[in-house]
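Work through the exercises below with the sequence and the model open side by side. Each task is followed by its solution.

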Amino acid sequence: MKNTFRLTQIAVLILLVTFLASCKVSKDYQRPELALPTEYRNVPYGDTATIADMGWKEFFPDTTLQRLIDRGIAYNYDLQIALKRIDIAQQQVKQAKLLQLPRLDLRVAGTYNRPSNNSLNGLSASNFLKSSHIENYIASVDLSWEADIWGKIRRQQQATMGQYLQTYEATKAVQTRLVADIAKGFFNLLMLDKQLEVAKHNLELSNNTLKLTNLLKDAGEATSLSVQQSEAQREAIALLIPQLEQDITIQENALQILTGQMPNAIDRKVKLSDFKANDSLATGIPAALVSRRPDVRAAEMSVLVANAQLGVAQASMYPSLIISASGGIESFKSSNWFNIPGSLFGIAAGTIARPIFARRQLKTNLEVAKIEREQSVLEFRQSVLNAVGEVSNSLVQTQKLKEQEAIASNQVNILTQAISNAQLLYQSDMANYLEVITAQGNALQAELNLAFIRSQSLVARVDLYRSLGGGWK
């Protein structure tokens, strides 16, 4: 009869714990409301297709650039550090999955106590044990389990999983940034190559002009001033060459460091003119940024983590039920320590505890958790706002740089023709040396500017690709 009553008590306790474990004191995560536009600025319509869905090898078909990006993904230290953070987060997730299981500890201990002869323990040992000291030997398995009544442990698991996802998305964001930085550095390098080529070509033109001026001076048709002006023009162009060679070396070193290599030259045969700006740049709709862009996803995971930690703080305000048990062998003599069943013991206990006065620690934790969740929501919304702004900026850059490139190309054609005309007129004594020098200087600046605009046009497309969330596939 007693056994039946005890079994009934245990069954009622299990049902009560199960019921209480289903209780929730906090709300499940819901994505914060976002006031997103239906389309990007200056884009007449929005389509779900986007260049962000393209893998980076598809978006960057040049094999030289692909090799650099491949090497960067494999050896870049920032990306490797980010991957290590994922490994750490994975270990934390594995541990979090076991939070609802009981904790087991194996304990083996031996104690020796020599109480005072005049103490109660000393007198008891002398009278009952006929000894001046007390020994105790114990070997036990201790169990402790906290019932997840208010969902505190589940929220801890959600927070850990959210931190893992946040780390994973942050790592993808590092890769998208790395891919974009390598591509932009490569295009900048090709721009410097082109500018160096332009400078060397103009140096040859300047040399020819200087030779012609010297011949005209020898013939009495030009002055020493015209020769000096031609020499000064030549030196100004020659000065560009070591400056550009310096910039090329620095850019090569920067790219090598990005790819995890020691500074060195970069073997390349491709030229800036080999890259054609693609007009087909599908952007999709702004709402897609929330799911496609890794840094925005990481910001959203931060909200999920803060929501889960708020749930932990709320559940900590309620009583906790802890069930503990211990069993093993114990003896005050080492000689009969393993005397079974005489040395066997067992303890079981259930504790319901709720802090009454904890110096406002729990209340503070709860209020801080609420504020941190509100803060994470603001940061998430800010990340979305920044993402939409970056896409809009990249779009206007690609559009306006295309227009600038057309104008700059036409300007180069005009000034190139002007150089030929000025040289012919100069030889025929129908133009002075200043007109020739001016035409050459203008053409040089126009060609350098055209190379810069072409590289910036390619860079703008890279920025658009990254801002839409491309580069991690």
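**Exercise 1. State how many helices and strands the protein chain has, and describe its overall dimensions.**

Solution. The protein chain has 11 helices and four strands; helices (H or I, at least four residues) and strands (E, at least two) are DSSP runs numbered from the N terminus. This is a predicted model, in which local features need pLDDT of at least 70 and side-chain atom pairs count only at pLDDT 80 or more, while totals for chains, interfaces and linings use all residues. Residues are numbered from 1 along each chain as its sequence is written, and side-chain values use heavy atoms, with hydrogens and water left out.

Next, take the dimensions. Along its principal axes the C-alpha trace spans about 135 × 55 × 40 Å. The radius of gyration of the protein chain is 39 Å, whereas a compact globule of 473 residues would have one near 23 Å. This radius is taken over C-alpha atoms, and the globule rule is 2.2 Å times the number of residues to the power 0.38.

**Exercise 2. Locate the two domains and describe the contact between them.**

Solution. Start with the bounds, which come from an automatic or database domain assignment. Domain 1 covers 24-100 + 148-319 + 360-468, and domain 2 covers 104-147 + 320-353. Their C-alpha centres lie 68 Å apart. Seven residues from domain 1 and seven residues from domain 2 make the contact, meaning heavy atoms within 4.5 Å.

Then take the area. About 500 Å² is buried between domain 1 and domain 2, with carbon and sulfur atoms giving 53% of it; buried area is the accessible area (1.4 Å probe) that two parts lose on being put together, summed over both. Of the area that domain 1 buries against domain 2, Asp 148, Ile 149 and Pro 319 supply 62%, more than any other three residues.

Finally, count the salt bridges. There is one between domain 1 and domain 2, under the rule that a side-chain nitrogen of Lys or Arg is within 4 Å of a carboxyl oxygen of Asp or Glu. Lys 152 forms a salt bridge with Glu 146, and their closest N and O atoms are 3.2 Å apart.

**Exercise 3. Explain which parts the salt bridge between Arg 31 and Glu 300 ties together.**

Solution. The closest N and O atoms of Arg 31 and Glu 300 are 2.8 Å apart. Arg 31 lies in the loop between helix H1 (2-21) and helix H2 (56-59), and Glu 300 lies in helix H9 (residues 294-315), so the pair ties together parts that are 269 residues apart in sequence.
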